[in-house]
Amino acid sequence: MNIRGKLSVLLLVFIYHMPYIYGKTVHICTPSTSLVLEAKKGEELKYVYYGTRIGDTDIQGLGPAGSPYACAYAGYGKYPDEVTPLSVIHSDGNMTTRLVVRDVEVDNAGGSVLTRIKTSDDVYPFDVDVCYRTYEDSDVLETWTEITSREKGYVTLTRYDSACIPIHIGNVWVCHMSGGWANEARIVEEPLQPGVLTVRNKEGIRNSQTSRAEMMFSLDGKPQEENGATIGAALCYSGNYALDVDTYTGRYHYFRAGINPDNSSYRLDSGRRFVTPPVAMTFSMDGKGGVSRNFHRWGRNHVLCHGNSPRKVLLNSWEGVYFDINEPGIVSMMNDAASLGVELFVLDDGWFGGKYQRSDDTKALGDWVTDRHKLPNGLKALIDSAHASGIGFGLWIEPEMADISSELYEKHPDWIIKAPGRAIVPGRGGAQVVLDFSNPRVRDYAVGAVDRIIRENPGIEYIKWDSNSGIYMHGSQYLARDRQSHLYIDWHNGFREVLERVREKHPDIVMQACGGGGGRVNWGVLKYFDEFWTSDNTDALQRVYMQWGTSHFYPAIAMGAHISASPNHQTCRSMPIKYRADVAMSGRLGIELQPDKMTEEEYAVCRNAVKDYRDVREVIQFGDLYRLKSPYDRQGIASLMYVSPGKDEAVFFWYRTEVFAGQILPVVRMAGLEADGMYTVTELNRIDDTALPFEGKSYSGSFLMNNGLDIPYRHDVEASRKNELSSRVLHLKKIHAK
Ligand code: GLA
């Protein structure tokens, strides 16, 4: 194609994805979805349609077809019973706000389109921009608001959701995640009923352990994986949040998502801007699976740090040695890791401390100097040794925290969070306190500490950034008396600034977001991180459930999943090594045990798993996920698969989850393959003495998707190695016609 041809194709692509505004209609579109708003100057902004992509004729017919025509971002007061995302006390005490459209601006830059609908109060000098961002290669749109006051004095914001979406009442079901430490991301699915359903977090610092800031709405009844109109929404924010679905009267459920306003009223001075975090939203006719794949693609391409680079297989020291760190021990652990085929070693908690030694979790947090008693030759000796073994080196830090027994706290007792005039309430180990990131000096300290650790130890290529405490005894020693209720919000603005500054200095370093396990699983932080630690619970059977839940919004590339010891340290359950390896292989594979305590069989299976994973990791890390059989359906198995974007390869996982004698297990139909393609099946991570009946055979995609393969229930191994929990990993490779 000549240059003119290319230019016209580019122009067409550009026009196709531009929101078009004719008269008063704003059409915000992605390749397969449309959001239609009515933006008449001087009138309230109206939400008219969200669903599959529609054209001009249908848009013009939306009114007669019965569209919601609800206010898209309403201030409290006109009808006090209305569900509104914004509540403001104006500078003169007036509690009502009525926003009307002033203008619509569209900005197209670098593959994304930003539509900014400018609204203002019709009486007060108070402005709210309602913003939408779309990408030409993604069906996820992001929406947020920017609130500015021009009133004399200050206004007080008492509610400031990022978005409010009407969903027509019918047989609508919601899917969300709840849980707790070591039990993250348990799926909850329920029909929406009259009343208010709230999913929220108020921990202050991390926000995804007890529940998650994401919801899916299945508009056609009980959620299905590959069928049914489904909306997915994720609030991208690191702090306290509230998602609620309000069904009180009328035809609609109102879904609001935003920063949790509890104990967080915010005074906005004249000329200042308050930006709410984005809600990422998608719509799919392909059920929950379609929503998940849209989120995974958008996340890898537009949010996740280094979202398109393959992740290394690592070995983390935590469950292997905990705080028992010494140079010869770690050097030998790194050698063993290298011989297992691992590519990166991560030294977890316990390596630091000066005056106070980090021998348990009660001391030294904040004193980021190498403990010379444990590591007399410093980190340098370890990094050199890792490199000599041909692997990379990573390090655990917790820069947001201090212990009461630390030199940092002794020097700066005013840097920590606590209510002025009250005693400290410590967290982990009866010792941990949170640094006050609303204070710019504390932020400078944190950026400096991380930067120094990385610069003084050249060769560190990975950071595990942990956060093991919430806020206790709410209060800031820095914020003014009349701004104490800003703490939760200002802390997170400060946290974001710290991460931005660290990333500016160290754009290439790989960083894991950890929050005492899965406390930092949120798209709001993943812009700065390459991955997250899914849970402190490494029990493979429970991981099947937790990873299943997590996969609803997060891709495998970001999901740290490690093979650990048996019996498991959290559940005391004994698990076969193959099962442990097969479950970890469905995420970003790692190992978290002491290799020199492994049996010969464990060593051999692990080594093979690492090798097989390295061969197929691109399919798992960049492929499309299909959840085939849910462990929550209690049919004795769970199964999922990843299919490469070109449908050339797939990796299929099958796990037994409940075992009874005489049980008949369902045959799993595959998904996502090319119907006419022929795929050769090979078992990965094989332990059986005999090959599977279909090993090496080829089947059409349509056969695999309409019929599936009957997986043998048990492993063909000698009696002493037999175990109840069997599992399989199959590699499917398309045969290309010559
Ligand atoms: C948290 C993390 C663990 C480990 C410990 C270290 O609990 O989730 O993986 O790093 O801290 O103290």
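A: A term to begin with: a polar contact is a pair of N or O atoms within 3.5 Å; within protein, one must be able to donate a hydrogen and the other to accept it, and residues adjacent in sequence count only if both atoms are side-chain atoms. This is a predicted model, in which local features need pLDDT of at least 70 and side-chain atom pairs count only at pLDDT 80 or more, while totals for chains, interfaces and linings use all residues. Residues are numbered from 1 along each chain as its sequence is written, and side-chain values use heavy atoms, with hydrogens and water left out.

Q: OK. How far is the polar side-chain atom of Lys464 from an oxygen atom of the ligand?
A: The distance is 2.7 Å. For Asp536, a side-chain N or O atom is 2.5 Å from a ligand oxygen, and for Trp396 a polar side-chain atom is 3.1 Å from one.

Q: And how much of the ligand's accessible area does the protein cover?
A: The protein covers 97% of the 310 Å² that the ligand has on its own. Accessible areas come from the Shrake-Rupley method with a 1.4 Å probe; for residues, only the protein chains shown count as cover.

Q: Which residues come nearest to the ligand?
A: Asp348, Asp349, Lys464, Gly517 and Asp536, out of 13 around it. A residue is near if one of its heavy atoms lies within 4 Å.

Q: What classes make up that shell?
A: Six charged, four nonpolar and three polar residues. Ala, Val, Leu, Ile, Met, Phe, Trp, Tyr, Cys and Pro count as nonpolar, Asp, Glu, Lys and Arg as charged, and the others, Gly among them, as polar.

Q: Switching to the core. Which residues of the largest one touch the most other members?
A: Leu347, Trp351, Trp368, Phe393, Trp465 and Trp523, in a core of 130 residues. A nonpolar core is a set of buried Ala, Val, Leu, Ile, Met, Phe, Trp, Tyr and Cys residues joined through side-chain atoms within 4.5 Å. Buried means under 20% relative accessible area, exposed over 50%, partly exposed in between (1.4 Å probe, protein chains only).

Q: Which helix gives this core its largest share?
A: Helix H13 (residues 600-622), with nine residues. Helices (H or I, at least four residues) and strands (E, at least two) are DSSP runs, numbered from the N terminus.

Q: Is H12 enclosed or open?
A: Helix H12 (residues 577-584) is largely enclosed by the rest of the structure, because eight of its eight residues are buried. Among them are Lys578, Arg580 and Asp582.

Q: What sits in the loop between strand E30 and H12?
A: Pro567 is in that loop, and E30 spans 559-564. The peptide bond joining Ser566 and Pro567 is cis, with omega about -5°.

Q: Now Thr247: buried or exposed?
A: Thr247 counts as buried, at 8% relative accessibility. Thr247 lies in strand E17 (residues 241-247), and a polar contact of 2.7 Å joins its side chain to that of His253.

Q: What about Met473's backbone?
A: Met473 has a positive phi of about 50° although it is not a glycine. Met473 lies in the loop between strand E27 (460-465) and helix H10 (487-505), and at 31% relative accessibility it counts as partly exposed.
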